[in-house]
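The sequence and structure are shown first.

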Number of protein chains: 2
Amino acid sequence: MDQLRPTLAPSTAAEQTAYRQDLTDGLAGFLDSKRVALHEVAPEAGTLVDAIADLTQGGKRMRALLAYWGWRGAGGGAAAEQAVRAGVALELFQAAALIHDDIIDRSDTRRGKPSVHRQFEGLHLRQSWSMDAERYGVAAALLTGDLCLSLSEEAFNSVGPEAGSGTEARRIFDQMRTEVMAGQYLDVLEEVAGPSRPAETAVDRALQILRFKSAKYSTVHPLCLGGALAGGGPDLLQAYAQFALPLGEAFQIRDDVLGVFGDPAATGKPAGDDLREGKRTVLIAHTLKTCSEAERRFLDEHLGSSLLADSTIEELRALIVRSGALAAAEQMIEELTAAAYQRLDGLPVDPEVGGALRALADAAVRRTS
Amino acid sequence: MDQLRPTLAPSTAAEQTAYRQDLTDGLAGFLDSKRVALHEVAPEAGTLVDAIADLTQGGKRMRALLAYWGWRGAGGGAAAEQAVRAGVALELFQAAALIHDDIIDRSDTRRGKPSVHRQFEGLHLRQSWSMDAERYGVAAALLTGDLCLSLSEEAFNSVGPEAGSGTEARRIFDQMRTEVMAGQYLDVLEEVAGPSRPAETAVDRALQILRFKSAKYSTVHPLCLGGALAGGGPDLLQAYAQFALPLGEAFQIRDDVLGVFGDPAATGKPAGDDLREGKRTVLIAHTLKTCSEAERRFLDEHLGSSLLADSTIEELRALIVRSGALAAAEQMIEELTAAAYQRLDGLPVDPEVGGALRALADAAVRRTS
């Protein structure tokens with residue numbers, strides 16, 4: 001996102017940089033205190049916190065930044081502790097989701113490094129331990145994800161009364177968790193049940209999955225959460241959601257395009273990773289709608305095969321382009337982005353906040369990683 | 001536990017029965033509301049809640065009952081809503097831990113039924129879906145466990161201000177989660193690193209694992225949580241912990257004995273399940289300390305082998321008996337139980353509460369399932 005910072009007013013950019021630093025410090029401080037607590041159980045248990053600290057060093061901080069500007073737009077003060085803590089909770093929730101997602105998808109890499117289960121597998125191999133290294137890696141990562149999910153909750157709780165029982169912010173946080181898990185399940189279900197479901201409704205199913213698994217959680221909930229913490233009323237939160245939903249959808253469709261066509265050097269993921277994982281994204285759903293029966297069989301046969309040859313990936317990419325699916329996805333991104341920008345213009349927030357949200361929106365949909 | 005109810009005064013038994021019913025109703029009502037919420041995301045997502053509802057119908061409710069009597073012993077009122085909600089949170093946390101534990105241990109059964117990942121695997125097979133049934137089962141169960149962990153937190157939050165940010169009850173709940181996850185990791189680690197670690201310290205390592213993975217979480221934290229919610233002071237909570245820790249340790253060693261020697265009809269688990277899973281319990285640690293080098297090699301070779309023949313299980317059991325490990329474990333249970341009872345007598349609680357805690361303690365250490 002840094003390349004877009006020039007579009008921000010200098011004071012806004014400085015404020016965002018300060019928040020980013022507070023967030024990084026807040027994450028590190030929180031995890032340090034947890035490392036000490038785990039160390040008291042047993043020194044080896046600190047490994048779980050190390051894995052979380054390592055993973056949360058990377059990432060674009062998009063959700064935390066949306067929460068921050070949502071907070072500011074609702075009248076919250078600059079550099080407020082509550083906004084930092086909420087950001088820490090969101091970043092930890094995101095990390096927990098990624099750790100478990102990578103187990104489910106058998107992903108080898110994340111943010112340019114080995115995924116957490118592969119890191120633990122590597123530890124097993126280096127130590128020449130007994131039994132199965134892969135199984136140990138998955139078990140350790142599963143527990144690391146559980147711990148990370150619990151720490152996210154602890155961080156959210158530490159925000160204080162604004163996030164307490166019965167508050168709007170708590171309701172949003174709970175809804176976010178539930179929807180992400182439901183959306184992830186629909187994603188897993190579509191991988192296995194999709195091939196026997198009608199191709200005509202595949203795009204709708206893919207859109208529903210991306211809405212719950214990603215869009216609402218990546219943009220709508222963080223922005224509204226920040227707004228709610230600062231006491232924003234229903235009208236403001238609704239306006240936030242109407243801007244953020246198309247933005248989140250565009251963001252995820254961009255992600256789907258990058259998952260098939262992205263440059264590994266930029267994404268930190270192998271080329272065509274989504275194809276190996278068998279993700280039935282909007283891109284695939286569009287392809288299925290227009291391709292021939294033979295092409296469809298080819299797609300169903302190779303999608304989700306972990307041993308996909310580079311040449312097959314090329315063939316699949318060519319099919320996706322030829323079918324018009326890539327163009328259709330790019331058009332959806334354009335339309336959704338236009339809708340988001342239109343609603344952004346109508347948001348009842350300071351120009352400074354509007355400018356920051358515009359820069360975040362640009363980065364979300366124009367990104368290459 | 002029902003067979004022990006005659007030792008309770010009739011009024012205590014009636015109160016406990018009423019709490020159990022409130023707990024069952026509270027769980028069902030909470031999960032029904034979540035099923036509705038998930039149904040709004042997509043009808044298929046309700047499956048995750050169904051799996052949680054099914055699993056939480058079973059179980060002994062030991063943790064919830066300890067929380068209830070901890071609450072009552074600290075002056076909390078009978079049939080209070082807070083104690084029910086805390087019980088719901090504890091039961092859901094336990095369910096989340098079991099779902100993920102069964103994935104890690106590759107357990108086929110839980111509470112006499114297929115484990116959650118096996119249930120989802122069965123659904124895949126019945127529906128003749130594509131891709132790998134086992135992999136789908138694990139992915140769906142992983143997400144169900146994540147959802148269950150999140151719902152446990154939601155339930156705990158619904159207790160209200162007594163469980164809010166900065167309270168003792170919140171601190172205990174957070175500590176419980178962190179310690180269980182750390183303890184489970186130590187357990188997984190011992191399975192792979194144990195064979196290359198000194199046999200002389202194996203018992204100490206096994207005791208440390210059972211303390212964090214199970215004992216504190218099964219007895220100490222629930223009892224103290226109930227006490228803290230009712231406003232119990234540090235002296236009472238410390239007395240609770242001093243009673244509950246040896247009880248929890250005895251409870252878990254009984255569990256370890258049942259995991260090797262238990263009757264499958266009573267435990268709802270296959271015979272010798274812990275041996276197939278490679279658990280390095282106190283029983284195994286004791287065996288390693290006294291057995292011959294050849295016996296040790298036999299143990300290391302077969303422990304954790306999923307294809308363990310019944311005859312090999314018999315040989316392993318005979319070795320554990322012959323080494324004196326079973327007798328040593330029974331003696332530990334006796335001594336820990338005696339220590340717990342002694343501290344129970346000194347607890348500053350009403351005789352009614354003391355009687356209820358004694359009945360729970362009896363059930364925890366004398367059980368066959």
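The model is predicted: local features need pLDDT of at least 70, side-chain atom pairs count only at pLDDT 80 or more, and totals for chains, interfaces and linings use all residues. Residues are numbered from 1 along each chain as its sequence is written, and side-chain values use heavy atoms, with hydrogens and water left out.

Contact here means heavy atoms within 4.5 Å. The interface totals are tabulated below.

| Item | Value |
|---|---|
| Residues of chain A in contact with chain B | 57 residues |
| Residues of chain B in contact with chain A | 57 residues |
| Area buried between chain A and chain B | about 5,200 Å² |

Buried area is the accessible area (1.4 Å probe) that two parts lose on being put together, summed over both. Carbon and sulfur atoms give 67% of it. In chain A, the residues losing the most area to chain B are A:V41, A:R135 and A:Y185, together 14% of what that side buries.

Between the two chains there are 2 salt bridges, a term for a side-chain nitrogen of Lys or Arg within 4 Å of a carboxyl oxygen of Asp or Glu. B:R197 and A:E44 meet in a salt bridge through their side chains (3.4 Å, N to O).

Elsewhere, A:S323 lies in the loop between helix 14 (310-322) and helix 15 (325-345) of chain A. A:S323 counts as buried because its relative accessibility is 18%, the limit being under 20% (1.4 Å probe, protein chains only). Its side chain reaches the backbone oxygen of A:I320 at 2.9 Å. Beyond neighbours within four places in sequence, A:S323 is in contact with A:T287 and A:T290.

Notes
Chains are lettered from A and ligands numbered from 1 in the order in which they are written. Helices (H or I, at least four residues) and strands (E, at least two) are DSSP runs, numbered from the N terminus. Buried means under 20% relative accessible area, exposed over 50%, partly exposed in between (1.4 Å probe, protein chains only). A polar contact is a pair of N or O atoms within 3.5 Å; within protein, one must be able to donate a hydrogen and the other to accept it, and residues adjacent in sequence count only if both atoms are side-chain atoms.
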